[in-house]
Amino acid sequence: MAHCFADLRVAAHVQPNHQNPLRRPVLHGLRRSRVDPKTLRGQLEQRKIRFVPHQSEYCWAYQLIARGARVISNLEAYGMVLLPEFRDWALPDLRDAIDREFFILSEAHYQRYIAPGFLKDAFGA
């Protein structure tokens, strides 16, 4: 996915789930996880996983999870340590949850900032 969560800046603004205030949104959780950029970069290069060098290491982490979710068994070997509440998740489930949250955030951004411009152009409002 090319978006890399808009460099995960949106994750900093995601509020906890009101039905379960102890559950952090997955994007927020990934952003707060520990990542060793040198180890992660080395693993990405060794495994020939594409990433954008000037992006945040959290974008690299997503690329790793997106491309290797079904085959990675130990994220620490890749320089990543997830927050405790996400450590028991299967990586494909984590990847899917990240994608769902990003879609919801993207849709909200579109509705708030992009769609009104289209309506104004179309109807002169």
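Which backbone oxygen does the side chain of Trp89 reach? The side chain of Trp89 reaches the backbone oxygen of Glu85, at 3.3 Å. This model is predicted. The protein has five helices and two strands. Along the sequence they follow the pattern α-α-β-α-α-β-α.

**Overall**

- The protein has 125 residues, and 38% of them count as buried.
- Its accessible surface comes to about 8200 Å². Carbon and sulfur atoms hold 54% of that surface.
- Consider the contacts in the protein with a separation of 6 or more: residues 24 or more positions apart account for 58% of them.

**The nonpolar core**

- The largest nonpolar core has 27 residues. Leu40, Leu64, Met80 and Leu94 have the most contacts inside it.
- Four helices each supply at least two residues of this core: helix 2 (26-32), helix 3 (37-46), helix 4 (57-68) and helix 5 (91-123).
- Helix 4 gives the most to this core, with seven residues.
- Leu40 has a list of contacts that leaves out residues up to four places away in sequence. On that list are Val35, Glu57, Trp60, Ala61, Leu64, Tyr78 and Met80.

**Helix 4**

- Helix 4 has 12 residues. From first C-alpha to last it reaches 16 Å, close to the 16 Å expected at 1.5 Å a residue.
- This helix is mostly covered, with 10 of its 12 residues buried.
- Among the buried residues of helix 4 are Tyr58, Cys59, Trp60, Ala61 and Tyr62. Gln63, Leu64, Ile65, Ala66 and Gly68 are buried there too.
- Ser56 caps the N-terminal end of helix 4. A side-chain oxygen of Ser56 lies 3.0 Å from the backbone nitrogen of Tyr58.

**Helix 5**

- Helix 5 has 33 residues. It reaches 46 Å from its first C-alpha to its last, close to the 48 Å expected at 1.5 Å a residue.
- Helix 5 bends by about 40° at Gln111.
- Its buried residues include Leu91, Pro92, Leu94, Arg95, Ala97 and Ile98. Glu101, Phe102 and Ala115 are buried in helix 5 as well.

- Gln43 is in helix 3. Gln43 counts as buried because its relative accessibility is 14%, and the cut-off for buried is under 20%.
- Leaving out residues up to four places away in sequence, Gln43 touches Ala77 and Tyr78.
- Lys48 lies in the loop between helix 3 and helix 4. Lys48 counts as exposed because its relative accessibility is 73%, and exposed means over 50%.
- Most residues other than glycine have a negative phi. Lys48 is not a glycine, yet it has a positive phi of about 55°.

**Trp89**

- Trp89 lies in the loop between strand 2 (80-81) and helix 5.
- Is Trp89 buried or partly exposed? Trp89 is partly exposed, because its relative accessible area is 30%.
- Not counting residues up to four places away in sequence, Trp89 touches Val26, Leu94 and Ala97.
- Leu94 and Ala97 are among the buried residues of helix 5. Leu94 is also one of the residues with the most contacts inside the largest nonpolar core.

Notes
Residues are numbered from 1 along each chain as its sequence is written. This is a predicted model: local features need pLDDT of at least 70, side-chain atom pairs count only at pLDDT 80 or more; totals for chains, interfaces and linings use all residues. Side-chain values use heavy atoms; hydrogens and water are left out. A nonpolar core is a set of buried Ala, Val, Leu, Ile, Met, Phe, Trp, Tyr and Cys residues joined through side-chain atoms within 4.5 Å. Buried means under 20% relative accessible area, exposed over 50%, partly exposed in between (1.4 Å probe, protein chains only). Contact means heavy atoms within 4.5 Å. The expected span of a helix is 1.5 Å times one less than its number of residues. A polar contact is a pair of N or O atoms within 3.5 Å; within protein, one must be able to donate a hydrogen and the other to accept it, and residues adjacent in sequence count only if both atoms are side-chain atoms. Accessible areas come from the Shrake-Rupley method with a 1.4 Å probe; for residues, only the protein chains shown count as cover. The bend at a residue is the angle between axes fitted to the seven residues ending there and the seven starting there.
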